[in-house]
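Welcome, and take a moment to look over the sequence and the model.

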Amino acid sequence: MTTLSRSLCFSDAEQTAIYATRLARHLGSGDVILLSGDVGAGKTHFARSLIQSLLAEPEDIPSPTFTLVQTYETTGADIWHADLYRLTSAQEVEELGLIDAFATAICLVEWPDRLGLLTPPSALSLDFTTGQSPDARSVLATWQDPRWTETVTAW
Ligand SMILES: Nc1ncnc2c1ncn2[C@@H]1O[C@H](COP(=O)(O)OP(=O)(O)O)[C@@H](O)[C@H]1O
Ligand SMILES: [Mg+2]
């Protein structure tokens with residue numbers, strides 16, 4: 001399968017939030033966004049902004065660093081926000097209910113390398129790296145499912 005890609009630059013945290021909000025409008029049940037990059041790269045900030053934009057009422061959106069998964073109800077699909085940094089085994093992915101969620105919810109997954117073979121091939125990957133200035137982030141979007149092409153091109 002061909003991997004398609006687009007690189008973007010988010011000049012500051014506010015712009016990252018704007019991009020997250022814009023992507024959110026295109027998401028529905030069964031969409032998986034894989035967020036990779038070092039600690040402090042902006043994965044949680046992106047996820048938090050995306051989730052906030054889909055909630056009917058503002059809610060606290062903690063980082064799932066210790067809980068591994070936080071879930072949110074929206075008027076549309078449920079949102080699962082996962083941080084798999086502390087995952088101990090692939091089996092835990094199933095125990096958390098993530099496999100089902102990949103098919104039914106909007107899933108935002110930090111440290112997706114932990115998924116190994118369980119990585120959904122239809123996911124959109126966003127890889128964050130710190131940029132030229134302290135608040136700039138370079139983001140490489142990659143995907144195989146043609147479903148993302150229009151969304152990312154219009155993004
Ligand atoms: N362009 C940017 N995009 C995202 N976060 C940014 C940006 N510029 C600065 N930041 C800051 O960087 C930090 C990123 O932290 P966080 O999102 O928790 O990272 P991660 O989840 O990747 O470890 C936040 O404090 C955020 O305000
Ligand atoms: Mg994080």
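Let us begin with Glu110, a buried residue with a relative accessible area of 2%. Here buried means under 20% relative accessible area, exposed means over 50%, and partly exposed lies in between, using a 1.4 Å probe and protein chains only. Before going further, note that this is a predicted model, in which local features need pLDDT of at least 70, side-chain atom pairs count only at pLDDT 80 or more, and totals for chains, interfaces and linings use all residues. Residues are numbered from 1 along each chain as its sequence is written, chains are lettered from A and ligands numbered from 1 in the order in which they are written, and side-chain values use heavy atoms, with hydrogens and water left out.

What does Glu110 do beside the magnesium ion (ligand 2)? Glu110 (OE) and Thr44 (OG1) are the protein donors of this ion, lying 2.1 to 2.2 Å from it. Donors are N, O and S atoms within 2.8 Å of the metal (3.2 Å for Na, K and Ca); water is not among the atoms, so sites may look incomplete. Because Thr44 lies in helix H2 (residues 43–54) and Glu110 in strand E5 (residues 106–110), the pair ties together parts that are 66 residues apart in sequence. Helices (H or I, at least four residues) and strands (E, at least two) are DSSP runs, numbered from the N terminus.

Leaving aside neighbours within four places in sequence, Thr44 is in contact (heavy atoms within 4.5 Å) with Ser63, His81 and Glu110.

Glu110 also leads us to a pocket. The second largest pocket is lined by 13 residues, of which Val39, Lys43, Asp83, Glu110 and Trp111 lie nearest its centre. On a 1 Å grid over the protein atoms alone, a pocket is an open set of points where a 1.4 Å probe fits, with protein on both sides within 12 Å along at least five of seven lines, and lining residues have an atom within 4 Å of a point.

Now turn to the largest pocket. Among its 13 lining residues, Leu34, Thr119, Ala123, Ser125 and Thr142 lie nearest the centre. Strand E2 (32–36) and strand E7 (137–143) each supply at least two residues of this lining.
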